[in-house]
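Good morning. Please have the model open while I speak.

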Amino acid sequence: MEFFRAKKAFNLMGLVKPIFTFSLIVTLISFYLIFHKGFVYGIDFAGGTVVQVKYDKPVQIDALREKLKNTPFASAGIQEFGSSSEIILRLQNTTADVTKDTAQQVSTALKGTGNFEIRRVDMVGPKVGKELQTQGIIALLVSVIGILIYVAFRFEWRYGVAAIIALVHDVVITAGMVSLFNVEFDLTVLAALLTILGFSINDTIVIFDRIRETIRDTKDASRYSLADIINESVTNTLSRTILTVATVFFVILTLFLFGGEIIHGFSFAMLIGVIFGAYSSIFVASPFLIWFGYDVAKAKAAHADKARRHAEKEKMRAQFEQGIV
Amino acid sequence: MLKTQWRESTRMKLNYRLVLLIIATVFGLVFSIPSFTQSSAGKKVTLGLDLQGGLHMLLGVKTDEAVTSQIKSIASALKHFGERNDVLLDAISAQEDRVTFELIDADDAKTMDTYLKTLEGTIVHASEGKYTITMTPAAIEKLKVRAVDQAIETIRNRLDQFGLAEPTVARQGVDKILVELPGIKTPQEEQRARELISRAAKLELMAVDEDHAMRVNEMNEGEAATYGDKILEDALQPQLKHLVNEIPILDGTMLTDAHVGYDQNNRPVINFSLNSAGAQIFGDFTGKSVGKRLAIVLDGKVYSAPVINERIGGGSGQISGNYTVAEANDLAIALRSGALLAPIYMMEKRSVGPSLGADSIKASLFAFATGAALVVLFMVAYYGYAGIIATTAMVINIILIIAVMAMFGATLTLPGMAGIVLTVGMAVDGNVIINERIRELLREGAKVRKAIEGGYDNAFSTLVDANLTTLIAAVALYMYGTGPIKGFAVTLAVGILVSMFTAILGTHGIFSALMEQIEKSGKMNRWFGIRLEGKE
């Protein structure tokens, strides 16, 4: 089976203007959402208590709310969780007392609402939440810097910066969607954002590597514009890009659909991130190479220079070895 | 029949890559089997609390209170020294961070100073018989560190004696303690474990101030303090109050043993014994306090205050309360394992019921199986035999991830399972890249052998760069993540490394071994899912 047998390179760089404008707008909207609308933080970051209760049959949330009215849980947010017979209670307050049993208190408060089982009680103190938040931001920054250094070292700085711009684009848009759809921002969503970092860079590297290779292996590369080279490279890797994105997308889709409520946030963020990760490699990272003034002729010359020096070294080594022997 | 089959299979050429893959597969099988069967023999991947259910707690230690408690101990020691050596002390009082007292007879100053020099880590300030003793900053720092160490040790001891399966007690950060109890199944068990862990178990023997005790009900804390006393509640009858000397005679640090016994009414009590130093102090005190009462105070509550009938020499005592056998047992464990130098408090708690864990496993396994099936279907349909080879590598990949994790005793959490799913995606991506490269070369008219070798060569640097950058993200996650995120990072990192091995080296080995067959058959559509013009 084959999907692509392009005889000619697609002129994808010719589409950059409208598509990049779209990206820019979406990124700006995402920034706006992140900073103005903000996130619905889960207790991992905001601190608080979550109690998950499972009933043996569907339960009326209004009835529960009524029942909790005159208890310490009056202010609790109640939500269905995955099914109509399972709910979670959210409380803002936490208790530092080790012996106090929230599950017991909830059990008592809910007495008479049916047969239920308390399946999970999570309590995160305010101090811990703050620490997790800082650690999360540090983890993001360290990854970005680490990746920047690696790519700059393996390629050159323009590739590194272009890759990072694409990365930020993907993470910001994913975070924007998380904010837009009121997906609870918890540790798993943070993990998703970091995975997207990895995925997005992975994708960008595949294309960058191909661009470098095309310049190296095309004899008269200097006659072509960078846009042509990129078109050629992207077209050559398009089959792989689409296949990989499709497989990963389907795997995550199954996680999203069947993986259970707890990793819902994770799979939601991943679904968006995977698509944008592949898209940005082509339409964000690559054009930035052009805009940064990456020059094919110079790159080719640098390559030739490197190859020549390498050959010279080899020659010298050979002579040296012959001289010894 | 047998003979021909044998000849068939010898056509598969062994090569070093294939040998490595086979060794790795055998290794993977051996080390992953205990995890799959969950047998008790051999190392296996432990399931995280989110998957098997249990209690996870992050506890903080109030280290400041360890200092206060140490100050009190110094005061006790001073007082005992004074009484033993006939050095008269007045207005001795222990505050939050200092002990103050006055020396009545200036002739004793020399004896006092010699004694004070033996107290380590203290700063003594004396002027005109008025003494102030504080602790040096270094000693305070050391004490705080010790308080956390001691809390970890104590909690571990208590949990070991409690008889729970595989408890984890570990330091996290500077002054936090991570406690994980996978064995907890019911809320009652959880409650008991939490009470056991957090119990200060601070035993103090205190003298009742018989001179003022009559008026205890009219007294407030402030007035009690003027006598150097404090008011404590009775453990059994909360309305009953006791007036005791604020500086204890001795405390639980001198305890050597505590066990459950029964009193004459066959109710459980706790018998304790003191070490020789404790026994001496106890003997001295009871000897000169006949007729007075001695309060046995546990965690700030008076459990009994019997009248001292005679000097008690042996250094043993009894705590009686309205205990059930289980309560008495837990209390004896707490006393034996020592008091917490500083109280602990809850910073984070996650408890997962076993049924939820089972549901999570079911859901993620289902998602995993569906996802994997989709990928396999896709790969085989698209690449033919090359897809089957990639699938083989993927299966070995999963087995190896489990084996490596089992070897390091890593924990598999729910996000960790998501991490494995992702790595499988990445491993497949590696084979997609390689297969695309092979197809390209075939289209350009390369011979099969050249196309395969060239495909691997061309894909190699891309794959290394792509995987290493993802690895950077995984390492950052591991370094700065906690709990579930760490679990995710571990599987991601292990998965990337393993998948580079299976997807790049392993499949290459299989192709090399099959090279003759591929060349002979010449059916590129069957092998690589590609139709070459003018052929077939």
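**Helix packing within and between two chains**

I start with α5(A) and α14(B), which are roughly antiparallel to each other, where antiparallel means an angle over 145 degrees, against under 35 for parallel, 65 to 115 for perpendicular and oblique for the rest. Helices here are DSSP runs of H or I with at least four residues, strands are runs of E with at least two, and both are numbered from the N terminus.

A word on the source: this is a predicted model, in which local features need pLDDT of at least 70, side-chain atom pairs count only at pLDDT 80 or more, and totals for chains, interfaces and linings use all residues. Residues are numbered from 1 along each chain as its sequence is written, and chains are lettered from A and ligands numbered from 1 in the order in which they are written.

Back to the pair. The axes of α5(A), residues 126-154, and α14(B) come within 8 Å and cross at roughly 155°; axes are lines fitted to C-alpha atoms, for helices over the stretch in contact, with angles from 0 to 180 degrees between N-to-C directions. Residues that meet there include A:Ile138, A:Val142 and A:Tyr150 of α5(A), and B:Leu468, B:Ile472 and B:Tyr480 of α14(B). Contact means that C-beta atoms, placed from the backbone, lie within 7 Å. By class, this contact has 12 nonpolar, 4 polar and 2 charged residues. Nonpolar covers Ala, Val, Leu, Ile, Met, Phe, Trp, Tyr, Cys and Pro, charged covers Asp, Glu, Lys and Arg, and the others, Gly among them, are polar.

Now α14(B) by itself. This helix, residues 448-480, has 33 residues and reaches 47 Å from first C-alpha to last, close to the 48 Å expected, that is, 1.5 Å times one less than its number of residues. Where is the kink in α14(B) centred? On B:Phe460, with about 35°, the angle between axes fitted to the seven residues ending there and the seven starting there.

The whole contact between the chains takes 62 residues from chain A and 64 from chain B. On the chain A side, α4, β5, α5, α7 and α8 each supply at least two residues. That side has 33 nonpolar, 18 polar and 11 charged residues.

Two pairs lie within single chains. In chain A, the axes of α1 (16-37) and α9 (264-291) come within 10 Å and cross at roughly 110°, so α1(A) and α9(A) are roughly perpendicular. A:Val16, A:Ile19, A:Phe20 and A:Ser23 meet A:Phe283, A:Val284 and A:Pro287.

In chain B, the axes of α4 (63-84) and α6 (137-162) come within 9 Å and cross at roughly 115°. That pair is therefore roughly perpendicular.

Notes
Two residues are in contact if their C-beta atoms, placed from the backbone, lie within 7 Å.
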